Amino acid sequence: MIKLFRKFRQHLINENKVTKYLLYALGEIVLVIIGILIALQINNKNEARKSEAKIEDIFSDILIDLKADINEATRLIDYYSKKDSITSLIMSNTLTFEDYSGSKGSEFMRNLDGYDLFFSNNKAYDILVQNLENINPKFDSVLDSLNLLYKRDKK
């Protein structure tokens, strides 16, 4: 193919057809520009696909963090519910000396002594906030809900 174009150019130059040669050269330039534009378009689509995949991975990580937070909150609710029940029994004087001194006594003391704290995991959300410029507008409603959850409700 290149030999054909080379012969065509040499033929035009040998016959002193400069205008035709210039038109041919301009046509080649236009073809190169079109090729570059097509390559840029393909590259932009590939970058957008990679960016969307990254955002979807971050959303998956947020979901994992939320599930872990729910499990931890459920565990703490159970712990404090049990602690509250034992405290209610003590306050109502329904426990006997045997309850305190037997095997239940150590369980009572273990549940009454100390406290447990809840710390939520915001790592994936923080990464999402750092990548806001890459988020597709189709995720706006999810992003609004996450902003409400992490900025207002999690406190």
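A search of the whole structure finds two salt bridges, a salt bridge being a side-chain nitrogen of Lys or Arg within 4 Å of a carboxyl oxygen of Asp or Glu. The structure is a predicted model, in which local features need pLDDT of at least 70 and side-chain atom pairs count only at pLDDT 80 or more, whereas totals for chains, interfaces and linings use all residues. Residues are numbered from 1 along each chain as its sequence is written, and side-chain values use heavy atoms, with hydrogens and water left out.

One of these salt bridges joins the side chains of Lys-138 and Glu-52, with an N to O distance of 3.0 Å. This pair links distant parts of the chain, since Lys-138 lies in the loop between helix 5 and helix 6 while Glu-52 lies in helix 2, 86 residues apart; helices here are DSSP runs (H or I, at least four residues) numbered from the N terminus. Glu-52 has a relative accessible area of 25% and is therefore partly exposed, where buried means under 20% relative accessible area, exposed over 50% and partly exposed in between, computed with a 1.4 Å probe on protein chains only. A salt bridge is also formed by Glu-72 with Arg-75, whose closest N and O atoms are 2.7 Å apart. Both Glu-72 and Arg-75 lie in helix 2, three residues apart, which is about one turn of the helix. Glu-72 counts as partly exposed at 26% relative accessibility, and Arg-75 is likewise partly exposed, with a relative accessible area of 35%.

In soluble globular proteins, nonpolar side chains tend to be buried together. In the present model the largest nonpolar core has 13 residues, of which Ile-55, Phe-59, Ile-62, Leu-128, Ile-135, Leu-146 and Tyr-150 touch the most other members; a nonpolar core is a set of buried Ala, Val, Leu, Ile, Met, Phe, Trp, Tyr and Cys residues joined through side-chain atoms within 4.5 Å. Helix 2, helix 5 and helix 6 each supply at least two residues of this core, and the largest share, five residues, comes from helix 2.

Not counting residues up to four places away in sequence, Leu-128 touches Ile-55, Ile-58, Phe-59, Ile-62, Ile-135, Leu-143 and Leu-146, contact being defined as heavy atoms within 4.5 Å. Leu-128 and Ile-62 are separated by 66 residues in sequence and by 8.7 Å in space, C-alpha to C-alpha. With the same exclusion of residues up to four places away, Ile-62 touches Ala-124, Tyr-125, Leu-128, Leu-146 and Tyr-150.

The buried residues of helix 5 are Ala-124, Tyr-125 and Leu-128. These residues cover an arc of only 100° around the axis and therefore lie on the same side of helix 5, the arc being that of the directions from the helix axis to the C-beta atoms. The face of helix 5 turned away from this buried side carries the exposed residues Lys-123 and Gln-130.

Asp-65, placed in helix 2 (residues 18-91), counts as buried at 11% relative accessibility, and, its neighbours within four places in sequence left aside, Asp-65 is in contact with Asn-121, Lys-123, Ala-124 and Tyr-150. Asn-131, in the loop between helix 5 and helix 6, is buried with a relative accessible area of 9%; leaving aside neighbours within four places in sequence, its contacts are Lys-54, Ile-55 and Ile-58.

The structure holds three aromatic pairs, for which rings of Phe, Tyr and Trp (its six-membered ring) must have centres within 6.5 Å, planes under 30 degrees apart counting as stacked, over 60 as edge-to-face and the rest as tilted. One of them is the edge-to-face pair of Tyr-79 and Tyr-80, with 4.9 Å centre to centre and 75° between the planes. Tyr-79 counts as buried at 18% relative accessibility, whereas Tyr-80 counts as partly exposed at 33%. Another pair, formed by Tyr-125 and Tyr-150, is stacked, with 4.3 Å centre to centre and 5° between the planes. Tyr-125 is buried, with a relative accessible area of 6%, and Tyr-150 is buried with a value of 8%.
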